[in-house]
Amino acid sequence: MYAAEASMAATNFLRNPVRIRPTWSHNILITKSLVWHHSMKWQCSSSSNVSVDDKSMFSVTPATKYDVDYLGEKTKGDLNVKLESLEAFGIDGQATLEGPIEEVARMEAEEAERLLKDLGIPSPFSSRQSPRGIFCSRTLNLRSISAIGYDMDYTLMHYNVIAWEGRAYDYCMENLRKVGFPVDGLAFDPDLVIRGLVIDKEKGNLVKADRFGYVKRAMHGTTMLSNRAVREMYGRELVDLRKESRWEFLNTLFSVSEAVAYMQMVDRLDDGTIAAQLGSLDYKGLYKAVGRALFRAHVEGQLKSEIMAKPELFVTPDPELPLALLDQKEAGKKLLLITNSDYHYTDTMMQHSFNRFLPNDMGWRDLFDIVIVSARKPEFFQMSHPMYEVVTGEGLMRPCFKAVTGGLYSGGSAQMVENSLKIHGDEILYVGDHIYTDVSQSKVHLRWRTALILRELEEEYTALIRSRGHRESLIELTNQKEVVGDLFNQLRLVSQRRTKGRPAQTIAATHLDDQELSESMQKLLIVMQRLDQKIALLLESDGEIFNKRWGFLSRAGFWDKSHLMRQIEKYADIYTSRVSNFLHYTPFMYFRSQEQTLAHDSYSYYCSKIYGSAADDEINSIL
C-alpha cells in the first residue's frame, strides 16, 4: 500500500463506523476493525462521520463502577462499546461474536500489525525490544491511573552527568580544601562508580552486591580488590541497607560526585597525607566530612546559580518529553510536579526544557494540575508538613491547607495531595529517578504505583546486545565444564568406593581398569583447570563494555541479578530510560509483567530441548 492509501485508510479507520469484530470482553479496550481483502483495500460499511470518542458509541468505565480483570487490575478508565448503538448502522452485535475467539483474535492481530506498519507506528512489542522500551515488573493498567506525579531532577530534567556532577565534585573538593584536606592532583572520574553500588563506610570500600546481598566485586579507595580479598572480607557478611550507619546505597546519579570524592579521599587517608590537625579520622568520619562539603555546595547555592545562568551547558534537551505529558493530560490524567528543588530553580529549568517544545504558546505550568516545590521528599510521603501557596513570581508564599487545580505550592504532604484531588493509593502513578526517595517511599507508605527513570538503561541495553557473543561463549564453556565435571565426579566416586572395597555405581563402572580410571581422571582434571582459567577471564571481562570496573548495572557475577535490580523489581512497577518513552506507548497502555523464570524452569526446558520425547516419557512415568 502506498503512503497516500495508508493515510486514507487510517483516516477512514479513525473516523468512520465499520464492521466491528468481537468485543471479546467488557474490560478490554475495543477498537473498530476493518476487513482486509487480498486486494489490499480497506472495505468500510458506512461513510458517516463519527468521532472515536463519541459518547453514543463508547462508554468509559467510571471509578465508582469498575471491575477487576483476570490479572487483578482495575478496569476503571477502560473503553467499552455500546452494542445498542450498532443497530443504527445496521450491524448485528451478536453476529460479531460468532466463531472461535482464537481464530478471530489471530485475524485481528494480523490486521492490526499491517495497519501499524502502514501508519509507520511501532507496535508496543517492538518498542519493548529497544533501549527506549518501558519494562514492566508488576502489571499496570495505565487506563486506571487518574493522576501521574513527576519528580523533576534527572526525571523530567536530564542533566549531562559529566557536566553537572563534575561541577558538584569541583565545589565539594574546593570546600574540602578550605578546611585543610589535601585535594591537589585529584580530578572527577565519572567511570569510577555507577549507580547501584554500596559504600561500606566502616571499611572505606565501594561494593557491588547481588540480589541476596552477597558482595561480588569491591574497591578500596580507587583500587579494585581481588576475588580472594573480597571473599575473605565479605564471605560471612551480607549488605543490609537497613543498617544506614554502615551502608550507603547509590540510589541516583546525584550520588556519583560524592562517591568519587569519597573514594579518592580514602586513598589520601590511607597514605597518611591528611593532616593530623583535622583530627583522628576513620573511614566513617571521612565520609561525613565529604558529605558536609558537598552539602555546603548545594546549600550555598553557587552550583545551582551557575546552572540557572547557563542551563544549556548542563541539560540535555528532549523535545518529545513535553508531548508525552501533553498526551497524558489530554487523556484526562491529572499531572503533578513534586520536586525537592526550590521555586526559582524549578521555574528556570522547566522554562528552558519545556516551553520551546509545547504548542500554541503553552507554558510548562499549563501542563500540571498541581506543582509542589521544596517538597522535602522522602518526608513528603511519610508525614505531614505545613503547605504554603507560592503567590508571586518572586516566590512569596502564604499558608494554605488545601491544594487546588492550577496551584503552585511549597512543602505539604502526599496525603494533602490525595485529599485535594480526591484520588488515593493505586490510582496515582509516581515517576522518579531515586529508588528510595521517589519510588520506595511512595509505594511503601501510600501504595502509589511507581515508575523508575534509569537513564543509563539505554547504554546498558545496547551493551547487553553487543556482548551476546561473549556471554554465549561463557555459557558454552560453563556447560562444557559441567558435563566434564559430572564425569570426573562419577569417576572419583568409583575410585573412592574401590578403595573401600565397595562396588561402583554400575557394573560397567565396577569393571573399569585401574590405569584407565586414573588416566581418565587426570585428563579430565587438566581440562577442567584450563576451562576454569578461560571462564575466569571471560567472567572478569563480562560487562566491561558498560563499565570496566563494575560490569553491567543489572548483573552481579554471571548468573544473578544485582542488588540494584532487586530494588527495582521490588519497588518499581515499570522502569524505563526517560519519560518521553511514554510517547510511544499511549496513555492507554496495559503493561503486563513477563513470566518470571525459576531455577527448575531451565532444567525442564533443557531436557525437552536435548532429550525431546524421551524426557516427556520420563516425566509421564513420574506422574
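This dialogue goes through several features of a predicted model.

Q: How many helices and strands does the protein have, and what share of its residues is buried?
A: The secondary structure comes to 20 helices and 23 strands. Of the 623 residues in the protein, 46% are buried. The protein exposes about 32600 Å², and carbon and sulfur atoms supply 52% of that area.

Q: What share of the contacts with a separation of 6 or more comes from residues 24 or more positions apart?
A: Such residues account for 73% of those contacts in the protein.

Q: In what order do the five strands of the open sheet run, and is the pairing parallel or antiparallel?
A: Strands of a sheet pair through backbone hydrogen bonds, in either a parallel or an antiparallel arrangement. Here the order is β11-β10-β9-β8-β12, with antiparallel pairing. At the edges are β11 (223-224) and β12 (247-249), each of which pairs on one side only.

Q: How many bridges pair β10 with β11?
A: Strand β10, residues 215-220, pairs with β11 over two bridges in the antiparallel sense.

Q: Which strands does helix α5 lie across?
A: Helix α5, residues 227-234, lies across β8 (198-200), β9 (205-209), β10 and β12. The helix runs at about 100 degrees to β10.

Q: Which strands pair with β7, and in what sense?
A: The general idea is again that strands pair through backbone hydrogen bonds, parallel or antiparallel. Strand β7 runs parallel to β13 (residues 334-338), and four bridges join them. Strand β18 (residues 428-432) also pairs with β7 in the parallel sense, over four bridges. For individual positions, G149 stands opposite L336 in β13, while the bridge partner of I148 in β18 is L429.

Q: Which way do the residues of β7 point, and are they buried or exposed?
A: In β7, residues 147-150, A147 and G149 point one way, and I148 and Y150 point the other way. All of them are buried.

Q: Which residues touch the most other members of the largest nonpolar core?
A: In soluble globular proteins, nonpolar side chains tend to be buried together. The largest core in this model has 112 residues, and Y150, L156, L325 and F368 touch the most other members. Helix α6 gives the largest share of this core, nine residues. Another core, of 20 residues, lies apart from it and includes A147, I372, A375 and A414.

Q: What is L156 in contact with, leaving aside its neighbours within four places in sequence?
A: The contacts of L156 are Y150, D151, L321, L325, L337, M350, F354, F368 and V579.

Q: What span does helix α6 reach, and how many of its residues are buried?
A: Helix α6 (residues 255-270) has 16 residues and reaches 23 Å from its first C-alpha to its last, close to the 22 Å expected at 1.5 Å a residue. The helix is mostly covered, with 14 of its 16 residues buried. After α6 comes G272, which has a positive phi, near 80 degrees.

Q: What does helix α4 reach from end to end, and what do its buried residues pack against?
A: Helix α4, residues 161-178, has 18 residues; from first C-alpha to last it reaches 25 Å, close to the 26 Å expected at 1.5 Å a residue. Its buried residues include W164, E165, Y169, C172 and N175. The buried residues of α4 pack against α6, α7 (283-299), α8 (302-309) and α10 (343-354).

Methods
Residues are numbered from 1 along each chain as its sequence is written. This is a predicted model: local features need pLDDT of at least 70, side-chain atom pairs count only at pLDDT 80 or more; totals for chains, interfaces and linings use all residues. Side-chain values use heavy atoms; hydrogens and water are left out. Two strands pair if DSSP finds at least two bridges between them. Contact means heavy atoms within 4.5 Å. Axes are lines fitted to C-alpha atoms, for helices over the stretch in contact, and angles run from 0 to 180 degrees between N-to-C directions. The expected span of a helix is 1.5 Å times one less than its number of residues. Buried means under 20% relative accessible area, exposed over 50%, partly exposed in between (1.4 Å probe, protein chains only). A nonpolar core is a set of buried Ala, Val, Leu, Ile, Met, Phe, Trp, Tyr and Cys residues joined through side-chain atoms within 4.5 Å. Accessible areas come from the Shrake-Rupley method with a 1.4 Å probe; for residues, only the protein chains shown count as cover.
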